[in-house]
Amino acid sequence: MKLLVINGPNINMLSIRETEIYGTVDYQGLIKMIKDYCDNKQVECDFFQSNHEGAIIDCIQSAYKKYDGIIINPAAYSHTSIAILDALKAVNIKTVEVHISDIEKREPFRRFSYVSQYAQKVIKGQGINGYLLAVDYFLEG
């Protein structure tokens, strides 16, 4: 199995930004945790992070026919980007949306996600362990 993990804006600022919400593990620590978990489960994974919507869309489009699944934390683009939703629909790759915090318990503008309209599963409020739960979801088939 081959998974693509995509992270949106400001995820590269983990351990710096609002640690009471996002925790103290930095972005490289997040990547290492996911990679080690995937290696242990014999899952191949690639990573991409961008603060730019178009770059995320390009990454999704380049995943076409290359990956078995996408794990995406679109971050703030969850609430604004129909274009990311459309890219996911276009490539038609099974997708799990992950949010470190529980977006339904945050500010009203964060409670809606366009990506959730396509994702086969949404994991929220599980901290960075949500990414590992997403890997497990793909393994469970």
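Of the 141 residues of the protein chain, 46% count as buried in this predicted model. The radius of gyration is 14 Å. A compact globule of 141 residues would have a value near 14 Å, so the chain agrees with that expectation. Along its principal axes, the C-alpha trace spans about 35 × 35 × 25 Å.

The protein chain has five helices and five strands. From the N terminus on, these elements run β-α-α-β-α-β-α-β-β-α. Two helix pairs, α2 with α5 and α3 with α4, are described below.

Helix α2 covers residues 27–40, and helix α5 covers residues 129–140. Their axes lie 10 Å apart and meet at an angle of about 25°. Angles under 35 degrees count as roughly parallel, and α2 and α5 are therefore placed in that class. Their crossing is right-handed. On the α2 side, the contact is made by Leu 30, Met 33, Ile 34, Tyr 37 and Cys 38. On the α5 side, Asn 129, Tyr 131, Leu 132, Val 135 and Asp 136 take part. These contact residues divide into eight nonpolar, one polar and one charged.

The second pair joins helix α3, residues 53–62, to α4. Helix α4 spans residues 82–91. The packing angle is about 5°, and the axes are 9 Å apart. Helices α3 and α4 are therefore also roughly parallel to each other. From α3, the contact draws on Glu 53, Ile 56, Ile 57, Ile 60 and Gln 61. These meet Ala 83, Ile 84, Ala 87, Leu 88 and Val 91 of α4. The division is eight nonpolar, one polar and one charged.

Ile 82 belongs to α4. Its relative accessibility is 45%, so Ile 82 counts as partly exposed. Ile 82 and Phe 112 are 30 residues apart in sequence. Their C-alpha atoms are 12 Å apart in space.

Two strand residues illustrate buried positions. Leu 3 sits in strand β1, which runs over residues 2–7. With 0% relative accessibility, Leu 3 counts as buried. Leaving out residues up to four places away in sequence, Leu 3 touches Val 43, Glu 44, Cys 45, Asp 46, Tyr 67, Gly 69, Ile 71, Val 135 and Phe 138. Among these partners, Val 135 also takes part in the contact of α5 with α2. Phe 138 lies 135 residues from Leu 3 along the chain.

His 99 is placed in strand β4, residues 95–99. This residue has 4% relative accessibility and therefore counts as buried. Beyond neighbours within four places in sequence, His 99 is in contact with Asn 73, Pro 74, Ser 78, Ser 113, Ile 123, Lys 124, Gly 125 and Gln 126.

Several loop residues were also examined. Ser 15 lies in the loop between β1 and α1, the latter at residues 19–22. Ser 15 has a positive phi of about 80°, although it is not a glycine. At 28% relative accessibility, Ser 15 counts as partly exposed.

Lys 65 likewise has a positive phi, here about 65°, without being a glycine. Its place is in the loop between α3 and β3, with β3 at residues 69–73. Lys 65 counts as exposed, because its relative accessibility is 72%.

Gln 42 is found in the loop between α2 and β2, with β2 at residues 44–49. Its relative accessible area is 74%, so Gln 42 is exposed. Gln 42 and Ala 75 are 33 residues apart in sequence. In space, the two are 27 Å apart, C-alpha to C-alpha.

Key. Residues numbered from 1 in each chain as written. Predicted model: local features only at pLDDT ≥ 70, side-chain atom pairs only at ≥ 80, totals over all residues. Heavy atoms only, no water. Axes fitted to C-alpha atoms, helices over the stretch in contact; angles between N-to-C directions. Helix = DSSP H or I, 4+ residues; strand = E, 2+ residues; numbered from the N terminus. Parallel < 35°, antiparallel > 145°, perpendicular 65-115°, else oblique. Left-handed = near helix turned anticlockwise from the far one by under 90°. Contact = heavy atoms within 4.5 Å. Nonpolar A, V, L, I, M, F, W, Y, C, P; charged D, E, K, R; others polar. Rg over C-alpha atoms; globule rule 2.2 N^0.38 Å. Buried < 20%, exposed > 50% of the residue type's maximum accessible area, 1.4 Å probe, protein only.
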